[in-house]
Amino acid sequence: MYCLIIIKKGVVMNQYSVLFLPEYKKVTVQEGTSLLAAAAMAGVPLEGPCGGKGKCGKCIVHVQDWRETITEADFQKALSCQTQVRSNMVVRIPQVAASVHRKNWMNLTKLEINLDPGIQKVCVCLEKPAPAGQDGDRERLLKQLTVKPVPEICLEALRSLPGALRKGGCRVTAALYGDKVIAVEPGDTTGVSYGVAVDLGTTTVAASLLDLNTGKLLGTASATNIQNIHGADVISRITYCVENERGLEQLHAEAVQVINGLVDKLCRMAGIACSDIYQLTVVGNTAMTHFFAKLNPISLARTPFVPVVNGSMVLEARDLGLHAAPHAQVHVLPNIAGFLGSDTVGVILATGLHRESEVILVIDIGTNGEIVLAGRGELAACSTAAGPAFEGAQIKYGMRAAEGAIEKVLISEDVEIKTIGGYKARGICGSGLIDAVAEMVKAGLIDSSGKIISPEKAGH
């Protein structure tokens, strides 16, 4: 551990090292940085539902100054959002693993997929340049590509062309998207083409890796959205953007950091390179897609809640800092309204709700809750802030879906509960709350107005 002193414009600025246990992740931060912010920099997930105001009490950690010998007695409880780094520190995160792994399972067998990713890979063999020939590498490549119209070659692809030709013995593979060559690779790599689908949730980010040639799902992964240090809900995060000069830049960087971590993990699992990813599709609520694209979200917090963009966006990985081929296409699905985002569009498309003739209701309960009603060829949708109700932000024993959270309740002769991971009950999460209310209604413990009836009236 060490202390680094930086002199900037005549001001002495100390920097200290913070070690997070049990993951043994270390980060160097400027003096005065909160432990909650330091954890985000280190990629260590911590809860911060109140946005660092010290009100919710859910960011408690155990802290001590750095010593050669670490003893249990030296650790002191502290709110990470209210504790500033003033020395080299060791921080132990309570062992409550967020149950993001429950989002890692995905069943695509019931989905009808028409595979048309828009990415085309063409292998061509170029003639060796003759002494009298004057055609450059680009011109010789374009002659061999029979696609019409004649495509442009993106700068990164052009820069890689000479090396690909020499390494591939004049045989190269061009990756095309529309009328652009977005990559050039040595040899025949037509069988190597991958895409990533991302659900950029307010609380949890989930990603899936797919083979664009076969449509096969190769793996899924999820992680806590480290933006939660700025608040559990999107309004808190928009407020952070407004009140901090570099707030939007930070929220954008945090979204990209989490996605890149998932992409790296998926690529390791599948044994492929990130540069083999040519397409990403991202969905999220309207505010989250604004943070992701670094679009100013301030209008979303003011009536009439108008977003910067409602329609779909096609961006490039290099412009966002994503781990993929530089010109990989990043498709952000369209939003419906200020608080109905592309994640709802994704649900509609995945379930085929827009093609149903019978009346069907789809409910997505997350930090933001959305409901879509389909019938008679029409769709109606609405949303609400579900986090405070279903994720324990304002409930004494409420908590997110983590180990030890009650997720299922059954009331018969006795009350039976099931906790995540089978651990001793620590609190109750959203699914447990819904179950508990449903069971209490069945048992006659809640009246039609939603009030819990008295023991006398219940006859107990």
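A nonpolar core is a set of buried Ala, Val, Leu, Ile, Met, Phe, Trp, Tyr and Cys residues joined through side-chain atoms within 4.5 Å. The exercises below concern a predicted model.

**Exercise 1.** Determine which residues have the most contacts inside the largest nonpolar core, and which element contributes its largest share.

*Solution.* The largest nonpolar core has 50 residues. Within this core, Phe-292 and Leu-322 have the most contacts. Helix H5 supplies the largest share, 10 residues. A second, separate core contains 23 residues, among them Val-27, Val-29, Cys-81 and Val-85. Beyond four places in sequence, Leu-322 touches Val-256, Ile-259, Asn-260, Leu-280, Phe-292, Ala-317 and Val-330.

**Exercise 2.** Classify the packing of H5 against H6 and describe the residues in contact.

*Solution.* The axes of H5 (residues 247-270) and H6 (residues 286-293) are 7 Å apart, at an angle of about 95°. Angles of 65 to 115 degrees count as roughly perpendicular; H5 and H6 are therefore roughly perpendicular to each other. On the H5 side, Leu-248, Leu-251, His-252 and Ile-259 meet Phe-291, Phe-292 and Ala-293 of H6. By class, the residues of this contact comprise six nonpolar, one polar and no charged.

Notes. Residues numbered from 1 in each chain as written. Predicted model: local features only at pLDDT ≥ 70, side-chain atom pairs only at ≥ 80, totals over all residues. Heavy atoms only, no water. Axes fitted to C-alpha atoms, helices over the stretch in contact; angles between N-to-C directions. Helix = DSSP H or I, 4+ residues; strand = E, 2+ residues; numbered from the N terminus. Parallel < 35°, antiparallel > 145°, perpendicular 65-115°, else oblique. Contact = heavy atoms within 4.5 Å. Nonpolar A, V, L, I, M, F, W, Y, C, P; charged D, E, K, R; others polar. Buried < 20%, exposed > 50% of the residue type's maximum accessible area, 1.4 Å probe, protein only.
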